[in-house]
Structures are given as C-alpha cells and as structure tokens.
Amino acid sequence: MPLRTLQLRRMFRFALKNLLSRPVRSLLALCGLTVAIAGMVGLFSVAEGIEDTVSTTFGKVPGLTVMQPGAPIPLFSRIPAGWGDEIRAVKGVHVVHPEVWSRAHVIDGKPTISPPRFLFGSDLKQADRLRYSVYREGIKEGRALTAADRGTHNALVSRAIAEEFKKTIGETLRVDGRDCEIVGIYEAQSLFLDVAIILDIDLVRSMARVGPESVSNFYVEPDQGADRKQLADSLKALFRGRAPDSWQPAQALATELAGQKSEGNPLSGLIETLGGALLNPPSKADAAKADTESSDGDSPAERPGVSPGTLGEAPGNEPPRRDAGLTAELPVEIRSPEDWAGEFKRFSQDLDVFLLLMTSIGVTIAFVGIVNTMLMSVTERFIEFGILKANGWSSGEVLRLIAFESALLGLAGGIVGSIVGWIATLVINAHWPTRIHLYASPSLLLFSLAFSTILGVLGGLYPALRAARMMPMDAIRRG
Amino acid sequence: MIEVTGVVKTYLRGSTEVRALRGLTCHIPPAALTFIVGPSGSGKSSLLYLLGALDRPSSGEIVVQGRSLSQFDRRERDLYRRDQVGFVFQNFNLLSNLNAVDNVLVPYLPQGVSRERRSEAEDLLRHVGLGDRLDHRPSQLSGGEQQRVAIARALLKRPLLILADEPTGELDSESGAEVYRYLRGLRDEQGSTVVVVTHDQSHIQPGDNVLTLRDGRLAGA
C-alpha cells in the first residue's frame, strides 16, 4: 500500500479512536449536527415536494390548456364556450375537451376547507375521444365516465376522497346538495390531481351556476406527431387581436358566484371571493375598462344577475371580433406542461426564500454549535496536542488530526441527519397523504451529507488552528 | 554536545511575568547522564524544555551538535523533536485512548507505522517488562508501568538526546530505581545523552554530570 494512503488510514483510525474514546462529547456534537441537517432536509423537502408534484402532475397532462390569461389555475378561469369550435378547427388539434372547474364546498354534510376538493365537469363525449386521460388511466376500481353517463349524476372520484368519506363503488356521495353515485375510483398519484370529483359538465355547470356560454378552460390534445409548440403558436395566432370584452372576466364571475353560493355556505363564498381577489387581480386593461363602463353609468356589473359576458347573445355565438388596435394582449393563455411547471416554480420562489432563511438560521446554529463543541474539545485536549507536538508531530499533522475528527463528526451528522430527515418526510407523507407531499431527492441527501462534512471541517478549523500554533510546552502548561 | 549560552526565559503566569532563566550558560557533555538539580522554581524544567525545543528562549542561544536551535525552522524543529529527542515526563503524558503499543508509536503515527516498527515497539515494551500489557490502555497500567511505556516511547526512536523531567516523581523507590536502570542502559548501549531534572539526588552516581540551578542561573557544576 502506498505510504501516503497508509498515513491517511492511520490518521483516520487515530481520529476515529479519539472520537470513540470520548463517546458523550462525540454524541452531543453528533446530535447537534443531526438536528440541523435533518431540519435542513425537512425544509428543503417542502420545496422539492412541490417541484416533484408539479413535474409528476404535468408529466401526466401532455396536452395544452387554453384558459383565461393570468388565472393561476383553471378554477379561477372563465372563457367563452364557443371558442372551442374555433380551436377544434385549428390544424394539429385532435380533441378539444371543454372543462368546468369549481370547488366542492360541502361533501356529505362536511365543509371541505382543507384539503380542498374540486368538481371537475367533463364534456364526456369529447373525453371519450382523448387518446390519453390521466383520470381514465388512473382507474383503480369501477370504470371511467363515458358519453353514456351524460345527463346522469354518476361520478368518478379520487381514492383520497373515497377513503376520506368511506365510500366505495355504487355508493352515493352528497356533494353541494346533489347525490352523486360513485361509478369509479381513480388514483393519479399526484397531490394536485387526486382532489377531484369528476362529473358530467352540465351537472357541474348547474352546481357551480356557470352558464352554457362559459367554460373554465379547454384541454387540447394535439394530433399524433403534431408539434406542441407549433400548435400553441397557431392557437395564439387564432386569438391574437381579439377584443377581451367578448368574454366574462373571472373576477366578476367569482364575485357573482360568491354572492350566489353564500346562500348555501357563507364561508365558501367568502373564501372564493378572497381567492378570486388575491389570485386573480384585475389587469390594468380591465381596470381601465371598468372605469369607462362605470363612467357610462351602465356597467354590466351594476346590473344584478347579469354578467358582462352574457349580455345579449352568448359570446360563443358572436362572430369573433378582431380589433388589434384595442389590445395586443391575448384574451387566452395557452399553457403547455412546461409552462405549468414554470408557473408553479415562480409560485414557489417566495417559499424557497423563506425556506432558505429558515435553513440559514438552522445551519448557523449548527455551525456555532460545532465550533463550540470543537473548541471545548480542543481546549480540553491541549495537553494531548502538546504531547503529540513534543513527540514530533508538526502543526500541520495536529491540524489534520483535528480536521479529520471534525470531518468525521460532520459526515456522521450528515448521514444520520439525512436519514432522519428522509424518514421524517416519509412519515409525514404517510400520515397526511392528501395534504402534503415532501420529497427529499437523492441529490438533496447527498448535498446535505457534503454540506454537513464541510460544516464539520470548518467548525473544527478555528480551534485546530489555535491548537496547532501553540508551542508544545504552552499547550501542556495550558492543559 | 550541548552549549547553552546566556539563555533567558520569561513567561506569563496570568498577568505575572515569571523569569525562569536569567542568562544561564552551561555545557552538557555527550553520551553522559546529566542531572539538573535545584530548588523548585530554579528553572530546571524550563531549561529541559528549551533543550528539547518544546519552548523558545526569550534570548540567548542553545547549540546542539553544532546547530543553533533558534535557527531551526518549524519543520526542522518538528523533525528534531521526532527523531532526535526522547521525552520522559513526570506525569508520563501518555494518550489515554491508545494502548501501550500505540503510545510507543505516537511519534510515527502521522507517517504511518510499518510492520517492522510495530514489532520493534512490542519488543521494547517486552524489554521494559510489559510484554503482557501490550494492548492495555494507560488507565489499566500502574504508575511505574506507565513510565516504562513512556521510556519505551523515548527508546524507539534511538534518540541522540533523552530528556527526563522528574521521571520518578510519581513512582515508588523500586520503580524509580528501575527507571534509572533503563536510562543508564540507554546511555551505555546507544551512547545517548541523557538529561534528567530531579529533586531526588539519591540516584546520582559518581561520574554523573550535575548542574545545580538557583534562581535561573547556574549555581554549580
């Protein structure tokens, strides 16, 4: 064996012996590091969990979503139902699936505050034509809804909902005052997808009081082999220059709906109103338009029961109005799976900053803790270092020994901390499967391990330098 | 062998300046057993540590085999301590977490210990009567046995100079006599220069070199 390797092995064994011969102190230092690293893994697993859920979810939804610009999710989006026919005519489109989303406020007499549950109104005829549907693929019991279920109260529910309300196939789930018969149970293994009760679109329209002229969004499945980006560009070209007043803004609708729904559940109305206001603030163009309308004293919003998009004929039946001079903005937003992922990444950036701050505090505490531990350890062992130096150990060798010891502590703290943090994420995920998804990726665990080791070495460096600089007799005298 | 010229050593004990050596000049012959004696606080141990480059003089010069210790750089100082000087301390100064063999091998741990050197360390421990104590830790050894481990550690490097600070201070008379037998044997067999600081002058024999210190100066030789 090369001498250098032998030297390192001896030094490693000596450092290990030193740590093992002081079990209580080593254990305390290890505990300090473990807590810090486990905390770090836990905090970062929140952000990674969101990213993992987003990528898992949108990896399962390969098509394009056409929805109201700026709406964070389809729940807050409303666009004219009539635009579906125009989209269908675009080259490269295989299926246009109209969707209506709403919150399920009360299920089996229980208000659904958290976790939220959603009503997903599906155009079942179009859904049948989809080559791939995440809900159909995720059927675990029973069957998917088909065109034959149109006009019925048959429901496909997520396993999480079925388990929460202890329901199985053939049983009835009472949702917002309607009895829905469960014909299928799905599981998409995504926190974002396993929250829906899928019903016929007309049923959801009536439950959510969404008129036939509106949908939340269109899910567009491209033709086989069609380029998704090209298709998105074609769809944008279709709507470019179209006046935004030909459809009903979601905020106005949300306010209106909140007022209507508050009859059944005041809290849900309040939440939806707040949600609409917080997540979908009016654009400047909307505000300017609202001002103009209000100055006319004839704002549609001022007329009870009449929404701006429902004046006269349904907007879907109007010929599309093109007025490039009015706005260069698109009245729709076309989102690909990548766009969704980007959107959620932006959404979670603030959370990342918060987690970083929390972790920094944890890491600072760990760093101060390990410096303190190593300083105490080294101060107590001045005689030992004096003896080593009296026997010819160089300052560098003493430094290396202490660095080895603190690196070993850091590594052990990293291993234990990563394992504890990882197990904690599994336990939390298992305990609240429908509420939270934490994910500690292998790269996060490896990073934690390396970080802890570096932290250990840095923590031991200052006391090591102090010890190494002393003359042997100074060290022995101080000891 | 060793020339000490005008050495002054002061150090701080708390906020008080202690003048341990006050311009000491003396000569230590090679391959001899030199005793440094004197009352407490006369500077005996301070001189010993300066001879072993465990400390630096405040002024003055110490020349060992023609080379001034003050001219040594850090690395030369480390090598001098590791290869040429063997220390035997009053309180043994063994490492509590190592067994007897590893304590003997301490000077060589950073470089890596060859099988031959380990075998040599075991032979030395057998030679000082610790053949059945090889894997014992200091806490499992008596004071006399610990001092013999310290002597074996000093012997392993076949040093030019052996410095012993009150080597029998914590031992009974029988163990103390045994320690001196080893030190004299080392001088006779290896031609090492042995310098011993002691209060107990009963071990001094005719022909030994004796330096008497008082108040940091040489009072008699």
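The paragraphs that follow describe the two chains, then the contact between them, and then selected elements of each.

The model is predicted. Chain A has 479 residues, of which 45% count as buried, and its secondary structure comprises 17 helices and 14 strands. Where contacts in chain A link residues at least 6 apart in sequence, 82% of them join residues at least 24 apart. Chain B has 221 residues, and 48% of these count as buried. Six helices and ten strands make up the secondary structure of chain B. For chain B, 71% of the contacts between residues at least 6 apart in sequence join residues at least 24 apart.

The two chains touch each other: 24 residues of chain B are in contact with 22 residues of chain A. On the side of chain B that touches chain A, the largest share, seven residues, comes from helix H2 (residues 74-84) of chain B. Sorted by class, this side of chain B holds eleven nonpolar, five polar and eight charged residues.

Two partner strands of S8(A) can be followed in turn. With strand S10 (residues 178-186) of chain A, S8(A) runs parallel and is joined by five bridges; here A:Asn154 stands opposite A:Glu181 in S10(A). With strand S11 (residues 196-200) of chain A, S8(A) runs antiparallel and is joined by two bridges. A:Leu156 stands opposite A:Ile198 in S11(A), and A:Val157 has A:Ile197 of S11(A) as its bridge partner.

Strand S11(A) is itself mostly covered, since five of its five residues are buried. Another strand that pairs with S11(A) is strand S6 (residues 118-122) of chain A, which runs parallel to S11(A) and is joined to it by five bridges. In this pairing, A:Gly121 has A:Leu199 of S11(A) as its bridge partner.

Attention now turns to chain B. Six of its strands form an open sheet with mixed pairing, in the order S6-S7-S8-S3-S9-S10 (chain B). Strand S6 (85-88) and strand S10 (217-220) of chain B stand at the edges; each has a single partner strand, so one side of each is left without a neighbour in the sheet. On average, neighbouring strands of this sheet are turned by 25° against each other, direction ignored.

Helix H1 (residues 44-51) of chain B lies across strand S3 (33-37), S7, strand S8 (193-197) and strand S9 (209-214) of chain B, and runs at about 150° to S8(B).

B:Leu213 is found in strand S9 of chain B. Why is B:Leu213 counted as buried? The reason is that 24 other C-beta atoms lie within 10 Å of B:Leu213, and a residue counts as buried at 20 or more. Apart from neighbours within four places in sequence, B:Leu213 is in contact with B:Ile36, B:Gly38, B:Ser42, B:Gly43, B:Lys44, B:Leu218 and B:Ala219. The C-alpha atoms of B:Leu213 and B:Leu21 are separated by 9.3 Å, although these residues are 192 residues apart along the chain.

The last element to consider is helix H6 (residues 173-190) of chain B. This helix has 18 residues and reaches 25 Å from its first C-alpha to its last, close to the 26 Å expected at 1.5 Å a residue. Its buried residues are B:Gly176, B:Val179, B:Tyr180, B:Tyr182, B:Leu183 and B:Leu186. They cover an arc of only 155° around the axis, and therefore lie on the same side of H6(B). What covers these buried residues includes S3, helix H5 (143-156), S7 and S8 of chain B. On the other side of H6(B), B:Ser173, B:Glu174, B:Arg181, B:Asp188 and B:Glu189 are exposed. After H6(B) comes B:Gly191, whose phi is positive, near 70°.

Definitions and conventions: Residues numbered from 1 in each chain as written. Chains lettered and ligands numbered in written order. Predicted model: local features only at pLDDT ≥ 70, side-chain atom pairs only at ≥ 80, totals over all residues. Helix = DSSP H or I, 4+ residues; strand = E, 2+ residues; numbered from the N terminus. Buried ≥ 20, exposed ≤ 12 C-beta atoms within 10 Å, placed from the backbone. Contact = placed C-beta atoms within 7 Å. Nonpolar A, V, L, I, M, F, W, Y, C, P; charged D, E, K, R; others polar. Pairing = 2+ DSSP bridges. Axes fitted to C-alpha atoms, helices over the stretch in contact; angles between N-to-C directions. Expected span 1.5 Å × (residues − 1). Arc of directions from axis to C-beta.
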